[in-house]
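Please look through the sequence and the structure shown here.

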Amino acid sequence: MSNKKILILPGDGIGNEVMAEVLKIIDWMEKTKSLSFDISERLVGGTAYDKEGNSISDETMQVAMDCDAVLFGAVGGAKWDNVERDKRPEAALLRLRKDLDLFANLRPAVVLDALSDSSSLKSDLVKGLDILIIRELTSGVYFGQPRGISKISETESKAVDTQLYTTSEVNRVSRVAFDLAKLRNNKVTSVEKSNVMETGLFWKQTVTDLHKKEYSDVNLEHMLADNCAMQLVRYPKQFDVILTDNLFGDLLSDTAAMLTGSLGMLPSAALGPVKENGTRAAMYEPVHGSAPDIAGQSKANPLAMIMSFAMMLKYSFDMQEDSQMVEKAVQNVLLKGLRTADIKDGAEKIISTQEMGNAVIEELKILSGN
Ligand code: NAD
């Protein structure tokens, strides 16, 4: 019996095209490495709304709860813009995050040698860059109550959002950051606005206390969020792991992402609490959306999806060697000058989504001797 139960949710638009390339890699791994994954595939997003009446059905949610990891493509598209809010494609993503309690969002920003000229920053500033941003994903100002818009008088209204964090919410995401830093360069930069926000002061104090009690062997520094935004574009290589809340993480991870060049290259993971049997709920997805402008044209770059799968091998299945082999295969393909249109920056050959997937498999064959 396989202990690698994966739920595949391709979604809408290019989600289907990029997921198909991962399924080819899974197939190759099963055939050549005698591995066995237990795969279920279901609908999500607008496609699920059209066929099942909701962007994620209760049955699909149940499969997600029972599996070891979810691999998610992308959802959305103009066709569903007027669907009621709780059934829109994006609602499926929020439900998965909420019901699986995926509180730690891992967003690597890695600049591969072959693409160091694709960044908007000078190549020497980003060459070799390897940052991991850990964003708290299920609390903070996006979820805090009270929230809403109300009338104060005939002429005045007010809007309220609430930024709220508890000790255990800060501790659990900080533990993820400290544990992962130990596997990297052993440095965590905790980011908040302790100069002007109570929650910032609380975040800083809570991280400091946890560090003192459990992680004094990890280097910890604190940084204000505005300074962090500036440092990310001034001298990004100073960072190893950045730990931050939901709102600042949203902004800083997109800034860091752009240091690397293209949306089509960015994987992500979202992890839940560790269960009694030692496993944890997890979902892996590329950062990009369903890209309706190029959907169905074989132009989508499948590498972000393929590297999300590599993250799954690493974080959910402890298959470090296989994960590194997939990452290496991606690097080698790029070093050979093969490019989808989004990452073309010179005279390289432009290839289709399917050709890129095939090229990664060819590299895997070379790397594994199969
Ligand atoms: P997008 O990420 O889909 O596309 C932005 C631009 O990047 C487009 O020009 C697109 O062609 C390009 N692009 C994105 N991924 C690419 C890839 N793999 N290869 C090559 N080019 C790629 O963002 P958008 O256009 O703002 O949103 C489109 C739809 O996707 C919307 O409905 C939005 O709500 C949804 N969306 C979904 C997710 C998700 O499912 N996690 C994330 C972001 C946006």
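**Around the ligand**

The ligand is surrounded by 22 residues, and the closest are Glu90, Gly289, Ala291, Asp293 and Asn301; a residue counts as near if one of its heavy atoms lies within 4 Å. This is a predicted model, in which local features need pLDDT of at least 70 and side-chain atom pairs pLDDT 80 or more, while totals for chains, interfaces and linings use all residues. Residues are numbered from 1 along each chain as its sequence is written, and side-chain values use heavy atoms, with hydrogens and water left out.

The shell consists of 11 nonpolar, seven polar and four charged residues. Here Ala, Val, Leu, Ile, Met, Phe, Trp, Tyr, Cys and Pro count as nonpolar, Asp, Glu, Lys and Arg as charged, and the others, Gly among them, as polar.

In the side chain of Glu90, an N or O atom is 2.8 Å from an oxygen atom of the ligand. A polar side-chain atom of Glu285 lies 3.3 Å from a ligand nitrogen atom. For His288, a side-chain N or O atom is 3.3 Å from a nitrogen atom of the ligand.

**Two helices**

Helix H8 (residues 225-234) and helix H9 (residues 246-259) pack at about 5°, with axes 10 Å apart. Helices are DSSP runs (H or I) of at least four residues, numbered from the N terminus. H8 and H9 are therefore roughly parallel to each other, a label for angles under 35 degrees. In their contact, H8 supplies Ala225, Cys228, Ala229, Leu232 and Val233, and H9 supplies Phe248, Leu252, Thr255, Ala256 and Leu259; contact means heavy atoms within 4.5 Å. By class, these are nine nonpolar, one polar and no charged residues.

Key:
Axes are lines fitted to C-alpha atoms, for helices over the stretch in contact, and angles run from 0 to 180 degrees between N-to-C directions. Angles under 35 degrees count as roughly parallel, over 145 as roughly antiparallel, 65 to 115 as roughly perpendicular and the rest as oblique. A polar contact is a pair of N or O atoms within 3.5 Å; within protein, one must be able to donate a hydrogen and the other to accept it, and residues adjacent in sequence count only if both atoms are side-chain atoms.
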